[in-house]
Amino acid sequence: MKNIDFLMAGVGGQGTILASNILAEVGLQLGYDVKKAEVHGMAQRGGQVDSHIRWGEKVYSPLVEENNADYLIGFEMLEAARFPHFLKEKSLALVNDYRINPPLVNLGKANYPSKKEIEALLLERADKVLWVEGTGIAKDLGNPAMIGVVLLGALSNLVGGDKEAWLDVIGRMVPQKFVELNKKAFNAGREVSG
Amino acid sequence: MKKLMTGNEAFAYGAYLHGVRVAAAYPGTPSSEILANYANYPGVFAEWSPNEKVALDVAIGAAYAGTRAMSTLKHVGLNVAADSLFYAVYTGLKAGLVIVCADDPNMHSSQNEQDNRNYAKFAKCPMIEPSDSEEAKQFVGVALDMSEQFDTPVIVRSVTRLSHSSTPVNYTDEGPPPPPEEPPAYERDPQKFVMVPANARRRHPVVEERLKELAEFAETTPLNYIEPGSSKLGIVSAGVSYHYAREVFPDATFLKLCMVYPLPEKLIREFADQVEKIVVVEELDPFLEEHLKLMGIEVHGKDIFPILGEFSPSLVRSCAVKAGLIEAPPAPPELKSDLDRPMRPPMLCPGCGHRALFHVLREEGVLVTGDIGCYTLAFAPPLNAMHTTGCMGASIGVAHGIDKAGVKDDVVAVLGDSTFLHSGVHPVIDVLYNQGNTTTIISDNNATAMTGFQEHPGTGKTIQGHPAKVVDPEKLVRGIGYEKVDICDPYDIDKMEKILKDHLNSKEPSVIIARHPCVLSTREKHTPPEVDPEICINCGICLDIGCSPLVQEEDHVRIDTLLCNGCGLCVKVCPQEAIIER
């Protein structure tokens with residue numbers, strides 16, 4: 001059983017914490033030892049949120065080590081761009097094609113890097129950057145809060161593991177009345193990377 | 001069955017499983033979720049107390065009465081509750097008392113990064129430190145047993161990376177032991193529980209003797225153990241740092257200390273005899289390292305690892321490589337790009353009533369002594385409207401002191417409703433009593449918002465959902481003797497400005513309650529206004545209120561309608577009347 005390290009990065013309010021909880025539970029379901037770390041606190045105020053999720057035979061540290069992540073899952077482009085140093089060579093970045101301006105950019109005092117620049121930065125480590133229209137897909141399905149599940153759908157193809165195991169965890173962890181919608185979001189995500 | 005739980009969920013589950021029936025706390029990151037989770041278990045009493053000192057007294061009282069009890073707090077919360085910790089160590093208890101205390105290395109959400117292991121030594125109170133959620137669950141039980149065996153409170157130490165990390169926990173459906181059928185009579189024992197000097201002098205030797213017994217216990221408890229490995233390198237570690245060290249030094253011999261005070265000196269010497277070189281891996285202060293040095297053992301620690309901030313496997317590895325303890329692992333090539341990535345600091349939310357208040361304060365140019373809460377974010381650009389913040393409740397005393405020092409500036413103290421009830425009441429008494437004329441502004445959003453919307457004595461509800469009497473800050477300050485008290489919704493910025501000027505010109509001490517409920521809590525939302533690009537001259541004045549939906553484009557400002565809450569503050573501040581309410 002090989003170790004798989006994931007890093008999720010997003011902005012407070014985007015649903016990264018639910019998505020990281022789902023990803024951790026899937027690992028447990030698939031028989032891995034699992035640890036997960038994140039910092040909340042000020043996240044709700046539109047700050048950065050990053051989660052570390054580790055699957056393995058035996059996991060000690062809840063934090064992923066730099067140069068070691070297998071997957072970077074960015075809920076927002078700039079947030080993804082903060083973490084290339086965590087990626088190992090031949091890793092993969094899965095990034096929601098969506099931009100949320102930080103305050104300094106809104107105030108005209110800083111520039112938001114271009115998508116091309118972000119891609120080039122991530123490709124210094126990653127083999128591939130897979131852009132996902134997560135926000136668009138989730139919105140089309142009727143609920144922009146499902147970005148995380150769309151991204152998990154795309155990720156599930158790459159990581160492997162029984163699709164039903166993923167769907168089972170999603171069914172347990174999202175609010176009951178949104179289960180069917182979330183399963184659609186998951187399948188839509190799978191199509192992106194399929 | 002295994003279940004993923006955060007450290008905080010596991011502490012709560014452990015408390016429930018091991019028969020804690022009374023628990024009290026004041027919220028504080030990263031400890032808040034312990035009590036919030038505990039409160040949901042059947043058959044328990046949980047309360048948000050006004051502050052940590054009150055909470056600890058409540059837990060001590062329950063333990064005096066023969067009921068297992070818990071108090072939870074963040075590191076600085078123990079500063080507030082320290083007085084109570086110290087007397088409880090002297091008196092001892094009638095049933096187990098566990099204090100779960102969460103430090104915040106790197107200050108993810110704190111004003112300092114004090115290492116509360118020092119409190120264990122200072123207060124002469126045993127401390128144990130779990131390293132993952134399974135241990136968090138178990139150690140609450142261990143602490144309660146120790147507490148009863150040695151007649152002392154026991155501190156269980158957490159850190160942010162334990163409290164907020166999720167790891168698997170063995171989960172059984174077995175509940176806690178059943179409660180006693182009859183309520184017990186309180187056993188009166190004033191010699192033990194009344195700490196007048198004569199009694200306290202009798203208790204101090206008991207405390208010292210107990211520490212010796214605890215040190216003996218530390219030698220044999222399975223909490224502390226040696227993990228065999230290479231004799232070349234011995235690692236001493238505790239808590240979450242142990243896991244980082246395990247990743248970095250897979251071959252070393254380990255001394256894992258789950259009991260960090262008092263320490264097992266014989267076991268430490270036995271370990272020292274087995275290895276050629278000893279390295280202590282511990283975050284923050286050289287607490288273990290200094291103890292080993294006092295024992296005359298040659299040891300490395302803070303000469304290799306930093307005293308500042310939080311550890312990670314990356315940091316432990318790079319320090320170990322630098323010190324020559326391990327070979328550098330193969331690494332991918334250094335990143336070449338130096339892409340500028342603007343930071344994303346936390347901000348007041350769109351629609352937040354605090355913003356309107358601080359807009360008015362900034363326009364008036366007053367010196368603002370601040371406090372701990374969401375509103376502390378007003379110190380940051382572009383609002384730049386808070387000038388001091390130290391700890392809970394400091395705003396009012398500091399304003400009064402500045403005033404008594406005789407500065408020319410107009411000074412106001414600003415603190416939130418929950419913070420006011422935590423530690424703002426005594427300072428408003430002080431201002432009144434000592435002929436101050438400080439204006440205190442309670443920015444009342446009817447929530448403990450920063451830590452996650454916990455109830456407090458002003459919200460009318462307890463943590464367990466029961467209706468409660470509302471402590472009304474207006475009645476409270478009038479009852480204390482304040483005669484000049486006004487209430488205003490800060491979104492009425494003209495009225496707010498008028499009241500502020502009136503209070504600043506007044507010679508008497510006064511209170512303004514700036515009241516607008518937290519919009520995240522109430523889900524208040526209105527239709528976003530629109531910018532008329534023909535009228536907007538792109539002057540940027542609206543941007544100075546620091547509201548994230550306002551975006552400066554090439555030739556005008558735009559409102560991101562997805563983020564906008566429709567509060568209308570930007571409409572009020574636009575000098576061109578280019579932002580139009582819909």
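1. A:Lys90 belongs to strand S5 of chain A (helices, H or I, of at least four residues and strands, E, of at least two are DSSP runs, numbered from the N terminus). Although A:Lys90 is not a glycine, its phi is positive, at about 65°. A:Lys90 counts as exposed because 11 C-beta neighbours lie inside 10 Å (a residue is buried with 20 or more other C-beta atoms within 10 Å of its own, exposed with 12 or fewer, and partly exposed in between; C-beta atoms are placed from the backbone).

2. On provenance and numbering: the model is predicted, with local features requiring pLDDT of at least 70 and side-chain atom pairs counted only at pLDDT 80 or more, while totals for chains, interfaces and linings use all residues. Residues are numbered from 1 along each chain as its sequence is written, and chains are lettered from A and ligands numbered from 1 in the order in which they are written.

3. B:Phe453 sits in the loop between S16 and helix H18 (473–480) of chain B. With 16 C-beta neighbours inside 10 Å, B:Phe453 is classed as partly exposed. Most residues other than glycine have a negative phi, and most peptide bonds are trans.

4. The bond from B:Thr29 to B:Pro30 is cis, with omega near 10°, and B:Pro30 lies in the loop between strand S2 (22–25) and helix H2 (32–38) of chain B. B:Pro381 and B:Pro382 are likewise joined by a cis peptide bond, with omega about 5°; B:Pro382 is placed in the loop between S14 and helix H15 (394–404) of chain B.

5. The interface between the chains brings 49 residues of chain A into contact with 47 residues of chain B (two residues are in contact if their C-beta atoms, placed from the backbone, lie within 7 Å). On the side of chain A that touches chain B, at least two residues each come from several elements, including helix H1 (16–29), strand S2 (33–38) and strand S5 (87–96) of chain A. S2(A) gives the most to that side, with 6 residues. The residues of that side of chain A divide into 22 nonpolar, 13 polar and 14 charged (Ala, Val, Leu, Ile, Met, Phe, Trp, Tyr, Cys and Pro count as nonpolar, Asp, Glu, Lys and Arg as charged, and the others, Gly among them, as polar).

6. A:Lys36 stands opposite B:Ser166 in S8(B). Strand S8 of chain B also contains B:Val169, which is buried, with 23 other C-beta atoms within 10 Å. B:Val169 and B:Leu4 are 165 residues apart in sequence, yet their C-alpha atoms are 6.0 Å apart in space. Beyond its neighbours within four places in sequence, B:Val169 has contacts that include B:Lys2, B:Met5 and B:Glu134.

7. What secondary structure does chain B contain? The count comes to 21 helices and 22 strands. The radius of gyration of chain B is 27 Å, close to the 25 Å that the globule rule gives for 582 residues, so chain B is as compact as a globular protein of that length (the radius is taken over C-alpha atoms, and the rule is 2.2 Å times the number of residues to the power 0.38). Of the 582 residues of chain B, 53% count as buried. Among contacts in chain B between residues at least 6 apart in sequence, 74% join residues at least 24 apart.

8. The domain assignment of chain B gives domain 1 (2–219), domain 2 (224–322), domain 3 (353–522) and domain 4 (530–580) (such bounds come from an automatic or database domain assignment). Between domain 2 and domain 3 of chain B, the C-alpha centres lie 46 Å apart.

9. In chain B, 4 strands form an open sheet of mixed pairing, in the order S9-S11-S10-S13. Strand S9 (224–227) and strand S13 (277–281) of chain B are at the edges, each with a single partner strand, so one side of each has no neighbour in the sheet. S9(B) pairs with strand S11 (residues 252–257) of chain B in the antiparallel sense over 4 bridges, and B:Tyr225 stands opposite B:Lys256 in S11(B).

10. Another open sheet of chain B has 5 strands in the order S14-S15-S16-S18-S17, with parallel pairing. Its edge strands, S14 (367–369) and S17 (484–488) of chain B, each pair on one side only. Strand S16 (residues 439–444) and strand S18 (residues 510–515) of chain B pair in the parallel sense over 6 bridges; B:Thr439 stands opposite B:Ser510 in S18(B).

Terms used
Two strands pair if DSSP finds at least two bridges between them.
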